Number of protein chains: 2
Amino acid sequence: MMAPWREPLARALHRNRSLVYSRYIQLATVRGDGRPANRTVVFRGFRQGTDDLQLVSDGRSQKLVQLAGCAAAEACWYFPKTREQFRLAGQIAVIVSQTADPTLSLARWQMWQQLSEAARQQFTWPDPGQPQLEGADFCQPSPAEPPDWFCLLLLQIDQVDHLNLRADPQQRSSFQRRADSWTQVNLNP
Amino acid sequence: MMAPWREPLARALHRNRSLVYSRYIQLATVRGDGRPANRTVVFRGFRQGTDDLQLVSDGRSQKLVQLAGCAAAEACWYFPKTREQFRLAGQIAVIVSQTADPTLSLARWQMWQQLSEAARQQFTWPDPGQPQLEGADFCQPSPAEPPDWFCLLLLQIDQVDHLNLRADPQQRSSFQRRADSWTQVNLNP
C-alpha cells in the first residue's frame, strides 16, 4: 500500500505538469563540518513497489561525500502552479556500481537506460566541483553502460510536511512513519 | 562595494521578474539532532549597504529553534526562466524584538512596515507547527507594531556557487569570502 502522502503529491505533480521545473527539488544534506548544504536535483520517480524517491548523482560530487558522513536528508519541493510545498525527510541509500544486491544493481542499470542523452553526458564530464582546467573535454559520447561513478539515490522517507498556500488560512499536514504505518496530523501553518 | 556575485544575482532577479515565485528560496538549516531541514522562504531584499540577504520568520517556528543551535544555513535559489542556480551559504543573525542595537532594531521595524497585510497577518496565527485545534482563530487583524515573535533574519554570506544550466557545457562559478574580499574560481559543473 502506498504511503498516504503519495496521493496529494501525485495530484500536485499532475496539476503542475506543464512546468518542466515542477520536477526540480531542493535537497538538503549536512557537510562534514556540520553545516548544511542545499542544491537542486531532478525527481526521477518512485522506485517501483516502494515509497522511495529516486534521484541520480555523480559519485565524485560533494553530495556523495556528505551522504557518506550523514545519510539524513530533507527534500523541499515547491509546486508553483498550485502553491504547494512538500518537505520530505528521511535517509538516503546510495546505490553504487559495486552493489551486491542484484535487485538494486538492476534498478541502477535501468535508471541509466531511462536517462536522456543530455543527462547521461554529464557523467562523462571532468570531476564535478573541481577547478576547471583549460581545454577540459566536455564532448565525449555517453557510454551505453553506466560509468562506475553513476549512483542511484533512494530517499527513504519517514516524515512529510505538506503545506497548501492557496487555502485561507493555509493548510498544513504532517505525516510520520512508525515502522510500516503512517500517522497524519493537521498542524497550524 | 557590493560582492561580485551580486551582479549576476541581480541580473537573474531582473530576468525572472515575471515569475512571482522567482523570489522564493529554499533554506537549509540543521536540526538539534544533526539532521538537515529545508523549507521555502521569501527573499526580502538585501539589507541596505550590505550583502546580507533578508528573510522574515516567526520566532515560534522550528527554524528559529534550529538556528539557535546552529546558525549555519545554505539557501538554494533556482531561477526557472534563465535556468540558473545560486547556492548561498553563511551564518544567520536573528534580529529579535529585544535587539539592543538601535540600527538593527530599526531594520526589523522597517521590515514589518514593508510587509503586505497578508504576510503580516500570518504572525497573528496560532503557534506555527503545533497541532491545529478546533476553532483556532485565524482572523485577527495584524498589529501596526511587529509582534514580539516577529524576527528579521540576516543571512551573512561567505560562499556562493553560481550554476548556469543554459550554457553548454553548463557554467559554474564559486565565490569565497576571506575577511572583506572575495575570490572567484570557475569549477567543473
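The paragraphs below treat the interface, then a pocket, and then a cavity.

The model is a predicted one. The size of an interface is often expressed as the accessible area that is lost when the parts come together. For chain B and chain A, this buried area is about 3900 Å², and carbon and sulfur atoms account for 53% of that value. On the side of chain B, the residues that lose the most area to chain A are Pro36(B), Asn38(B) and Asn188(B), which together make up 17% of what that side buries.

The rule identifies 2 salt bridges across the interface of chain B and chain A. One of the pairs in a salt bridge is Arg31(B) with Glu74(A), whose closest N and O atoms lie 2.3 Å apart.

Attention now turns to empty space. Where such space is left is shown by rolling a probe the size of a water molecule over the atoms. The second largest pocket has a volume of about 1400 Å³. Its lining comprises 45 residues, and those closest to the pocket centre are Leu163(A), Leu165(A), Gln170(A), Thr40(B) and Gln122(B). Among the elements that each supply at least two residues of this lining are strand S6 (150-164) and strand S7 (171-178) of chain A, as well as helix H2 (62-69) and helix H4 (117-121) of chain B. The lining of the second largest pocket divides into 18 nonpolar, 15 polar and 12 charged residues.

Which residues line the largest cavity? The count by the rule is 1 cavity of 30 Å³ or more, and the largest cavity has a volume of about 180 Å³. Its lining includes Tyr21(A), Tyr24(A), Gln26(A), Trp77(A), Tyr78(A) and Pro80(A) from chain A, together with Tyr21(B), Tyr24(B), Gln26(B), Tyr78(B) and Pro80(B) from chain B. Two or more of the lining residues come from each of strand S1 (24-30) and S4 of chain A and S1 of chain B. By class, the lining of the largest cavity has 9 nonpolar and 2 polar residues, and no charged residues.

Key
Residues numbered from 1 in each chain as written. Chains lettered and ligands numbered in written order. Predicted model: local features only at pLDDT ≥ 70, side-chain atom pairs only at ≥ 80, totals over all residues. Heavy atoms only, no water. Buried area = accessible area lost by both parts, 1.4 Å probe. Salt bridge = Lys/Arg side-chain N within 4 Å of Asp/Glu carboxyl O. 1 Å grid on protein atoms, 1.4 Å probe; cavity = no way out; pocket = protein on both sides within 12 Å on 5 of 7 lines; lining within 4 Å. Points joined across faces, edges and corners; volume = space filled by probe spheres on them. Helix = DSSP H or I, 4+ residues; strand = E, 2+ residues; numbered from the N terminus. Nonpolar A, V, L, I, M, F, W, Y, C, P; charged D, E, K, R; others polar.
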